[in-house]
Amino acid sequence: GEMLLTTYGKSTGFCIDPIEKKPLNHFYPGTSVLSFGTAGCNLGCKFCQNHDISKAREVSRLSEYAMPDAIARAAVEQGCRSVAFTYNDPIVWAEYAIDTAKACRAVDVKTVAVTAGYISPNAREPFFEYFDAANVDLKAFTEDFYESVTLSHLQPVLDTLEWLQRETDVWFELTNMLSPGANDSADELRQLCDWVLTHSGDQVPVHFSAFHPDFRMLDRGRTPHEKLLEAYRIAEAAGLKYVYVGNVNDTQHQSTWCKGCGRRLIERNWYELGEYRLDGNRCEYCGDEVPGQFDQQRGNWGRKRKPIQISQYDDAGESPGQQQRPNGVVAMQKESGDAEQQSEEAPTKEAPTKEASTKEDGQGATDTATQDAATAKHQRPGPFSASQEQAILKVTADLVAAAVREEAATVTSASLAGAADFMVDGVYVSLKRNGHLRGCCGFTGST
């Protein structure tokens, strides 16, 4: 007889990022932000770059587990200035997001919502009450695009932006991704910029980011750099003062410039800061004020990306199983037998006990005979040995090379030095050349 949030306390992962990646350019520049999300979405964007998360149906089995206090504790201990609710829209896991934002505020950690802003009027105030900042993705400026490409509507998003400006102290910035031939006409961009100027003011930062083919929009190429620069010029001509381009290499148009004296205040190369000429929130040269939220000094996190194991921040006195939330809703904690990524220093987990192996939906214990057979056949992974790592990397490289050459793949080590019997719930592959990241792809799905 109750509606329960089945994703409460569950996440698709935790990672420390630069705040500029959200993107937020006027919110404690250079600082680190602890990012996490759950699964699902209230939009159906055909170009979704996180579709393996936003369309996930197995979140209860695949996710990490963390209660709000553990997330706030992790942010403090890792020295993060803020926590970002991202990867999928936090509006669809509002109860978990609100409780976590409250826990962060209690320990003076800022909170950031990365959202499409598609929310009903009654829900806006309780959702944004405990957030300090937001990046709102204004996906286009036509109802046709919203209805046909995102399966939602434009007006509720505009209402949210107008409400944020008029009724709250939430610092927000806008992102508009330009999809070639879909939402990038000069006329539409002028209408968008004119609306932002009228309803949000000339000081709200606007980010124009490049599209790349993904999910169900594979019928067009990447956004040309010149199209981003055209949007940049249109926004400046409309009167917007802080305009940026994203997903391209362009320090000139990713940097912040003083509107008083015209000098560069914050140099940005992607997510890394260079020259920094702000004294608090004022230009060092002429004293002109820059809108946003700034510390006296810039952060120095750089462009690093650092995944963390959130389970180490769980309350040591908490027993696995169910934890009672303040409002009476029961959220499931990680069972002792659930898979968990280990650091090199962490001891290997013990095998699950029969008593701990219960279904998350509470409908009864797993059949012990089946469990015993599964435990005998598969191991939960501890740290990989050096030989296992090399075997996995060799097979991965062979498969990638075969795919690129359009040749039949040959697996030379099917056992992966014994690691083939490890049970895992997902994979994340990073490709590097001479130590530099060239690409990466992650997937969570069937075991």
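pLDDT is the predictor's confidence in each residue, on a scale from 0 to 100. Colour the chain by this value: its mean is 84, and 82% of the residues reach 70 or more. The model is predicted, so local features are described here only at pLDDT of at least 70 and side-chain atom pairs only at pLDDT 80 or more, while totals for chains, interfaces and linings use all residues. Residues are numbered from 1 along each chain as its sequence is written, and side-chain values use heavy atoms, without hydrogens or water.

**Whole chain**

Select residues 316-377, where pLDDT stays under 50. The model has 80 contacts beyond four places in sequence for this stretch, a contact being heavy atoms within 4.5 Å. Where pLDDT is low, the predicted coordinates should not be read in detail.

Next, switch to a cartoon view. The protein chain has 12 helices and 20 strands; these are DSSP runs numbered from the N terminus, with helices (H or I) of at least four residues and strands (E) of at least two. Of its 447 residues, 46% count as buried. Buried means under 20% relative accessible area, exposed means over 50%, and partly exposed lies in between, with a 1.4 Å probe and protein chains only. Among contacts between residues at least 6 apart in sequence, 65% join residues at least 24 apart.

**The nonpolar cores**

Select Leu-34, Val-83, Phe-127 and Phe-208, which have the most contacts inside the largest nonpolar core, a set of 78 residues. Such a core consists of buried Ala, Val, Leu, Ile, Met, Phe, Trp, Tyr and Cys residues joined through side-chain atoms within 4.5 Å. Which helix gives the most to this core? Helix H4 (residues 94-106) does, with seven residues. A second, separate core of 11 residues includes Tyr-244, Cys-258, Ile-266 and Val-290.

Now centre on Leu-34. Leaving aside residues up to four places away in sequence, its contacts include Phe-14, Ile-71, Val-83 and Ile-308.

Select helix H5 (residues 121-128), whose buried residues are Arg-124, Phe-127 and Phe-128. They cover an arc of only 85° around the axis and therefore lie on the same side of H5; the arc is that of the directions from the helix axis to the C-beta atoms. The face turned away from the buried side carries the exposed residues Asn-122 and Glu-125.

Four of its five residues are buried, so E7 is largely enclosed by the rest of the structure. E6 and E7 run parallel and are joined by four bridges; two strands pair if DSSP finds at least two bridges between them. Val-114 has Asn-135 in E7 as its bridge partner.

**Strand E10**

Move to strand E10 (residues 243-246), which is covered on both faces. Val-243 and Val-245 are buried on one side, and Tyr-244 and Gly-246 are buried on the other. Strand E9 (residues 206-210) runs parallel to E10, with four bridges between them. His-207 has Tyr-244 as its bridge partner in E10, and Tyr-244 also belongs to the second core.

**An open sheet**

Select strands E11, E12 and E13, which form an open antiparallel sheet in that order. The edges are E11 (256-257) and E13 (272-276), each pairing on one side only. E11 pairs with E12 (residues 264-269) over two bridges, and Trp-257 stands opposite Arg-264 in E12.

**Backbone details**

Finish with the loops. In the loop between strand E2 (14-18) and strand E3 (32-36), select Pro-23: the peptide bond from Lys-22 to Pro-23 is cis, with omega near -10°. Tyr-87, in the loop between strand E5 (82-85) and H4, has phi near 70°, a positive value in a residue other than glycine. At 23% relative accessibility, Tyr-87 counts as partly exposed. Asp-108 is not a glycine, yet its phi is positive at about 65°. Is Asp-108 buried or exposed? Asp-108 is exposed, with a relative accessible area of 58%.
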